[in-house]
Amino acid sequence: MTLRRATIAAITVLLVYLAGLAVVAWATEQEPVDSSRVPLPDITEPQGESCAEDTDFIRRNHMSLLKHKRDETVHEGIRTKQFSLKGCINCHVVTGPDKLPVSAASPDHFCRSCHDYAAVKIDCFQCHSSTPEPGVLPADHQADNALPGSLGAHGIECK
Ligand code: HEC
Ligand code: HEC
Ligand code: HEC
């Protein structure tokens, strides 16, 4: 009798265990493929084929590239397209629900998508436009504040 009870108990335990496994397997199947417990920044796909530099390199070194570029331009008057902030903004456009490019005021802005995550604050957009120049996107995708030049938005974004 006790033996029989023990067997029933053992089978019950086994069934509960198998049911548990099935639930776990099912739940795992429902998860998105790259579900990771570590929250990652949601970086928007940029325009164009490739970045101004190798992706891994730009990810690590864009700060120094930009600052170097700025010093070259501001102090030495060298204005080339390579590593220009304007260039970054033209390619890395993020559009909002209204299909217009979002400015750095939005947490969805390309630069902020990562900086917010990394707790980095930059003051560049107090002077520089954070939205692309006219002509980069079709007319109906153009924000009102995208005036010519990288400093075009100065008056508007600083208000
Ligand atoms: C011609 C268009 C273009 C220009 C100009 C450009 N980028 Fe990119 N950028 C891209 C593309 C495309 C990728 C994605 C490459 C990939 O996925 O391998 C990228 C990737 C990146 C990444 C890595 C994002 C990630 O997913 O980790 C950073 C950071 C970045 N760019 C910053 C910049 C900065 C800063 C500038 C200006 C100095 C700039 N980019 C200029 C097109 C551009
Ligand atoms: C107080 C206003 C101001 C701030 C803040 C500012 N800049 Fe500039 N920046 C300028 C001016 C003015 C120029 C010169 C534009 C020209 O002569 O073409 C310039 C030029 C540049 C250039 C070369 C032109 C271009 O479009 O690539 C780069 C790169 C640049 N700045 C990067 C930065 C970065 C990165 C930051 C933030 C860390 C920043 N700037 C913050 C005013 C500012
Ligand atoms: C893939 C993530 C990522 C993206 C996208 C990104 N950044 Fe950064 N950025 C960082 C990190 C991380 C740091 C801090 C690095 C450090 O402290 O050494 C940083 C630092 C900077 C700095 C230096 C800030 C300081 O206090 O010295 C500047 C300037 C800068 N980023 C500009 C930009 C601009 C402009 C864009 C958009 C065109 C951009 N970044 C997009 C990750 C990113």
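A residue is called buried here if 20 or more other C-beta atoms lie within 10 Å of its own, and exposed if 12 or fewer do. With that in hand, we can look at this predicted model one view at a time.

Figure 1. The protein has five helices and zero strands. Followed along the sequence, the pattern reads α-α-α-α-α. How much of the protein is buried? Buried residues account for 17% of its 159 residues.

**Figure 2. Helix 2 bends and is hardly covered.** This helix covers residues 55–76. At asparagine 61, helix 2 bends by about 70°. How many of the 22 residues of helix 2 are buried? The count is one, and the helix is described as hardly covered. After helix 2 comes glycine 77, with a positive phi near 70°.

**Figure 3. Ligand 1 sits among 18 residues.** The nearest of these 18 residues are Gly48, Cys51, His62, Cys88 and Cys91. Which helix gives the largest share around ligand 1? Helix 2 does, with six residues. Sorted by class, the shell around ligand 1 holds 10 nonpolar, seven polar and one charged residues.

**Figure 4. Ligand 2 also has 18 residues around it.** Closest to ligand 2 are Arg70, Thr73, Ser84, Cys124 and Cys127. Helix 2 gives the most to the shell around ligand 2, with six residues. What classes of residue make up this shell? There are seven nonpolar, five polar and six charged residues around ligand 2.

Figure 5. Met63, Cys88, Cys111, Cys114 and Ala118 come nearest to ligand 3. Two or more residues of this shell come from each of helix 2, helix 3 and helix 4. Which helix gives the most to the shell around ligand 3? The answer is helix 4, with five residues. By class, the shell around ligand 3 divides into 12 nonpolar, three polar and one charged.

**Figure 6. Six residues form the largest nonpolar core.** The members of this core are Val94, Val102, Ala104, Phe110, Cys111 and Phe125. As background, nonpolar side chains in soluble globular proteins tend to be buried together. Take a closer look at phenylalanine 110, one of the six. Once its neighbours within four places in sequence are set aside, phenylalanine 110 is in contact with Thr44, His92 and Val94.

**Figure 7. Helix 4 holds a buried arginine.** Helix 4 runs over residues 110–118, and Phe110, Cys111 and Arg112 are buried in it. Why does arginine 112 count as buried? Arginine 112 is buried because 22 other C-beta atoms lie within 10 Å. Setting aside neighbours within four places in sequence, arginine 112 is in contact with Ala104 and Pro107. Isoleucine 43 is 69 residues away along the chain, and its C-alpha atom is separated from that of arginine 112 by 9.1 Å. Following helix 4 is alanine 119, with a positive phi near 55°.

**Figure 8. Two loop residues have a positive phi.** Most residues other than glycine have a negative phi, which makes this pair worth a look. Phenylalanine 83 is not a glycine, yet its phi is positive, about 65°. You will find phenylalanine 83 in the loop between helix 2 and helix 3. Lysine 99 is likewise not a glycine and has a positive phi, of about 70°. This lysine 99 sits in the loop between helix 3 and helix 4. Is phenylalanine 83 buried or exposed? Phenylalanine 83 has 21 C-beta neighbours inside 10 Å, so it counts as buried. Lysine 99, in contrast, has 11 other C-beta atoms within 10 Å and is therefore exposed.

Methods
Residues are numbered from 1 along each chain as its sequence is written. Chains are lettered from A and ligands numbered from 1 in the order in which they are written. This is a predicted model: local features need pLDDT of at least 70, side-chain atom pairs count only at pLDDT 80 or more; totals for chains, interfaces and linings use all residues. A residue is near a molecule or strand if its C-beta atom, placed from the backbone, lies within 6 Å of it. Helices (H or I, at least four residues) and strands (E, at least two) are DSSP runs, numbered from the N terminus. Ala, Val, Leu, Ile, Met, Phe, Trp, Tyr, Cys and Pro count as nonpolar, Asp, Glu, Lys and Arg as charged, and the others, Gly among them, as polar. The bend at a residue is the angle between axes fitted to the seven residues ending there and the seven starting there. A nonpolar core is a set of buried Ala, Val, Leu, Ile, Met, Phe, Trp, Tyr and Cys residues joined through C-beta atoms within 7 Å. Two residues are in contact if their C-beta atoms, placed from the backbone, lie within 7 Å.
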